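Student: I would like to learn how to read a structure like this one. Please take me through it feature by feature.

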Amino acid sequence: MSINRASIDFAALNDQALEHLPAVLEGFLELETKEAGQQIQFINPLRHDTDFGSASISAETGKWADFAADDCSGGDVISLVAWIRGTSQSQAARDLGAFLGQPVESVGRTVRRLRRPVSSAGPDNLVMPMAEDLPFEVALAGYGSATAVYEYRNPDNQLLGVIARYDNEAGKTIRPFVGKRQADGSVAWQAGGFPKPYPLYGLQKLSAMPDAEVVICEGEKAADAAQLLFPECVAVTTMHGAQSPQFSDFRPLVGRSRVLIWPDHDEPGQAYATRMAELISEVSPETEIRILKPMSVQPSVDEEGTAALEPGFEPTKGWDAADALAEGWTPDHVQLLLEDDSVAEPYVSAADEEEGEDLDRTVTIGDFQVSNAGVHWMKQTEKREVPIRLADRIDVVALARAEGSTSWGAVIKFRDCDNVEHTWCIPMAMFGKDLGLVWSSLLDMGLFISPTNEHRLQLARYLQTCKPAARAIAASKPGWHGDVFVLQDGSVFGNADEQVVFQTPEPRAVRAFTQKGTLEDWQSSVGWMCQGNTRLMLAVCTALVGPVLERLGEENGGFHFRGDSSIGKTSALLPACSVWGDPELVMKRWRATTNGLEAAAVQHNDMLLPLDEMAQVAPAEAGNVAYMLANGQGRVRASQTGGARSVATWRLMMLSTGEISLADHIASGGGRVMAGQETRLIDIPADAGVGLGVFDTIHSLESGAEFARELKSAALEYYGAAGRCWVTLLTMPGLGDELLARIKAMCTSFDQVVTPDGACGQVMRVAHRFGLVAAVGEACIQAGILPWNAGEATNAAARCFREWVLVRGGAGDLETEQSINQVRHHLELHGENRFRLMDEAGDERSSLDRHGYRRRVADGRYEYFILPEAFRTVVCGGLDVRSVTQKLMRAGLLIPDGAGKSSKAMVLPGMGKKRVYHISADIMGRVDAETEDPGRSQGECRAMSWNTHGYVL
């Protein structure tokens with residue numbers, strides 16, 4: 001049992017800690033401190049710091065931050081204690097309370113979290129800040145010297161690194177450079193990315209002008225120009241422009257009174273401005289943010305030489321502050337422009353817009369009255385109008401039509417007993433046949449509904465009577481809908497012309513796909529524990545592939561972790577499930593009906609479908625289910641009217657576990673395994689081969705069992721953030737297309753490097769699937785979603801692919817091997833009794849179900865002449881005859897006629913001239929000339945059993 005956080009008064013404890021802050025920092029945490037106004041600076045013991053300045057805490061509020069470490073900040077003293085000591089918030093509160101003489105009562109024990117150690121930003125050889133006496137003079141092959149160098153500095157004006165621009169006839173390229181310590185101890189400039197979070201360009205000016213307003217542009221060149229046009233302000237930008245503002249550190253903007261965003265004049269610029277406003281408002285909600293509208297005036301001067309503005313200007317695509325400066329804009333023109341408040345649009349966050357919605361008003365709809373007191377039916381009696389309360393307040397805010405159909409839904413909003421708002425798009429068809437499910441769902445979500453049947457019928461009438469003007473698109477399954485990505489809880493990522501809502505008859509099912517904790521929480525626990533573990537890393541990367549399948553035109557598919565029980569196979573699925581939601585709810589079981597798994601596939605569309613314990617499904621059903629899931633289409637069913645229902649479709653990646661492979665499971669029930677099976681659900685040995693079961697490393701823990709427990713505990717504590725961050729990037733204009741192009745290129749490179757020479761088509765398809773997983777993983781590493789080093793996702797996928805090839809038995813054509821084996825097996829089983837000898841006298845015995853003839857060759861083996869009908873229906877049963885004959889001929893095991901045909905005409909004893917399939921004796925294997933003759937006489941052979949399975953010596 002984990003600590004009950006509700007039993008701890010965190011606010012009161014933080015207030016008491018602030019009263020004794022110096023004692024807490026120096027006596028309890030044993031930190032070196034120094035006062036700096038209202039801030040107390042301290043040296044971070046988790047890094048190799050020796051100087052003050054980077055880490056500090058407010059003596060008034062308890063807010064703290066370390067700007068030199070990865071995303072290290074918090075809002076109170078308790079979070080600082082938890083960070084320094086590496087414990088949970090609850091444990092930190094208990095320890096701090098004990099130090100202050102105020103024990104905190106809690107229930108149960110604290111679950112220890114294994115978290116990634118906080119390290120200094122960047123690799124060990126990174127030198128930051130740089131010495132000022134090392135000028136930047138790096139030339140780039142094909143470009144020469146840099147045409148512009150933009151210095152990134154810290155708040156103390158120390159040089160951190162540079163962004164260099166190079167130009168030639170083909171265009172421009174931008175490269176980041178940082179200082180790296182060389183093997184001989186010297187320091188040199190090297191191309192390489194800055195550690196995250198990225199510093200803002202102009203950080204030293206922000207520090208020097210703490211009360212100035214801020215102007216944000218897209219790109220360093222535009223920021224430098226804006227600084228000249230806004231001399232009283234501080235002009236800054238984010239590293240890499242519009243590509244990744246979410247990876248910048250906006251904490252230096254906390255407390256700024258006003259921020260003006262000047263976007264480039266194009267769609268990516270507008271998207272960048274909106275994203276910047278969202279990010280800044282998250283860290284500094286009190287800051288007034290404005291976005292400059294597209295320019296419609298140009299600079300001029302009047303007769304007296306005073307700055308003036310002329311209308312009629314139309315900016316070119318990409319026009320920015322640098323263009324304005326070049327075209328004659330001056331600070332006076334800018335000041336004149338900003339006197340008109342309409343040129344800049346105030347940014348209003350989604351939360352503020354929601355708070356501003358007038359849902360508190362009382363409205364009358366027919367004979368219903370809706371207010372904060374609830375939904376009332378104004379029942380008319382003979383004497384007066386009587387208000388009857390039907391339910392808590394429910395507002396119908398929009399009507400939604402389903403994609404590609406005439407079905408409609410009602411989008412409702414209400415608040416539960418804890419004042420948490422819920423949104424549900426109810427399919428209108430439910431009011432006709434599933435009214436009971438409507439009420440049970442609303443009750444389950446915390447809405448009061450009158451228990452009286454008459455009242456509930458009136459409530460249904462109210463919900464159907466409301467006709468709001470707003471319209472929406474109802475998505476019946478999660479995933480891509482045009483350019484937006486929808487999750488089951490109604491979260492929508494991307495921009496669409498119309499509102500998109502998720503419509504489901506089972507709103508309780510969306511609980512699985514929710515978020516708990518931040519991305520940083522997930523990275524430092526689940527993500528870090530996966531690092532170095534090939535199976536876990538492959539599983540997490542597979543979970544992130546789903547959203548790119550449709551965009552890249554890739555097929556459904558997945559991986560099956562096979563191995564003995566109790567080696568941690570399910571542990572490989574848990575971190576993958578945590579990418580999208582609560583692992584205990586996201587994970588499904590093979591033990592389900594086909595209809596149930598079909599419904600699950602729809603609800604996991606464009607994401608991951610994890611299936612545990614294959615042994616729980618019948619062998620005869622396993623293959624059908626795997627093919628159905630991989631093909632992405634359900635069964636065709638009849639509707640109540642006799643017509644065909646809409647066929648369910650989906651795109652997804654699968655992860656499966658079992659003690660045996662899918663092929664062996666099918667074969668155990670007497671089924672025949674198709675060679676194409678391996679390209680759909682790829683079988684991987686779950687055991688990593690180092691004595692730790694599914695794990696390659698358990699980091700600092702004592703056993704694989706303990707590591708598995710910690711991994712499960714972390715996955716159940718933090719989940720849902722990684723998948724949301726990934727689809728956020730994929731839906732960003734420009735960036736999404738760039739990521740997909742990068743993934744496609746990396747996938748192609750993986751295929752070329754890893755695929756063995758002479759690999760058959762099946763192996764090439766499997767290599768491509770591994771390459772897709774590796775490419776998505778590397779893209780997510782570069783995007784800062786996966787907390788691993790570059791190349792680790794590729795290495796994990798490549799190792800698993802090589803082990804798959806090894807277990808498979810090579811990279812050859814499995815279908816050819818399967819065809820040969822089937823023909824060989826039939827001859828081994830029935831060669832004695834169903835194939836009559838052709839060339840020996842006295843062989844007059846009758847053959848039961850004769851399939852053909854056999855003839856002894858010089859080395860004592862037999863070649864076979866199989867009759868056409870027996871060959872097609874029995875020997876090749878279940879296989880394509882033409883394909884089998886082609887494969888046997890290529891292998892030299894079927895001898896064609898003179899014209900190259902697979903069958904030849906021969907005179908058979910007692911049958912005359914017939915066409916037969918001539919099978920070489922080599923199908924049983926070649927016999928060495930020195931091999932001892934088994935010494936069996938023809939008579940002994942005739943005395944053997946009908947179905948020969950072997951010999952007794």
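Student: What should I know before starting?

Tutor: This is a predicted model, in which local features need pLDDT of at least 70 and side-chain atom pairs count only at pLDDT 80 or more, while totals for chains, interfaces and linings use all residues. Residues are numbered from 1 along each chain as its sequence is written, and side-chain values use heavy atoms, with hydrogens and water left out.

Student: What is the average pLDDT of the chain?

Tutor: pLDDT is the predictor's confidence in each residue, from 0 to 100. The chain averages 83, and 87% of the residues score at least 70. Over residues 1–7 the pLDDT is below 50, and this stretch has 20 contacts beyond near neighbours in sequence; a contact means heavy atoms within 4.5 Å. Residues 928–949 also have pLDDT below 50, with 22 such contacts in the model. Where pLDDT is low, the predicted coordinates should not be read in detail.

Student: How many helices and strands does the chain have?

Tutor: Both are DSSP runs numbered from the N terminus: helices are H or I with at least four residues, strands are E with at least two. The chain has 31 helices and 40 strands.

Student: What share of the residues is buried?

Tutor: Buried means under 20% relative accessible area, exposed over 50%, and partly exposed in between, with a 1.4 Å probe and protein chains only. Of the 953 residues, 50% count as buried.

Student: Why does S281 count as buried?

Tutor: Because its relative accessibility is 17%, S281 counts as buried. S281 belongs to helix α7 (residues 267–283). Setting aside residues up to four places away in sequence, S281 touches I289 and Y347. The side chain of S281 also reaches the backbone oxygen of E278 at 2.8 Å.

Student: Which residues does R290 contact?

Tutor: Apart from neighbours within four places in sequence, the contacts of R290 include R258, V259, A344 and Y347. R290 sits in strand β14 (residues 288–292) and is buried because its relative accessibility is 11%. R290 and R258 are 32 residues apart along the chain, yet their C-alpha atoms are separated by 7.8 Å.

Student: Is N419 buried or exposed?

Tutor: N419 is exposed, because its relative accessibility is 52%. N157 is partly exposed at 40%.

Student: What lines the largest cavity?

Tutor: On a 1 Å grid over the protein atoms alone, a cavity is a set of points where a 1.4 Å probe fits but cannot get out, and lining residues have an atom within 4 Å of a point. Among the residues lining the largest cavity are W262, H265, M295 and W319.

Technical notes. Polar contact = N/O pair within 3.5 Å; in protein donor to acceptor, adjacent residues only side chain to side chain. 1 Å grid on protein atoms, 1.4 Å probe; cavity = no way out; pocket = protein on both sides within 12 Å on 5 of 7 lines; lining within 4 Å.
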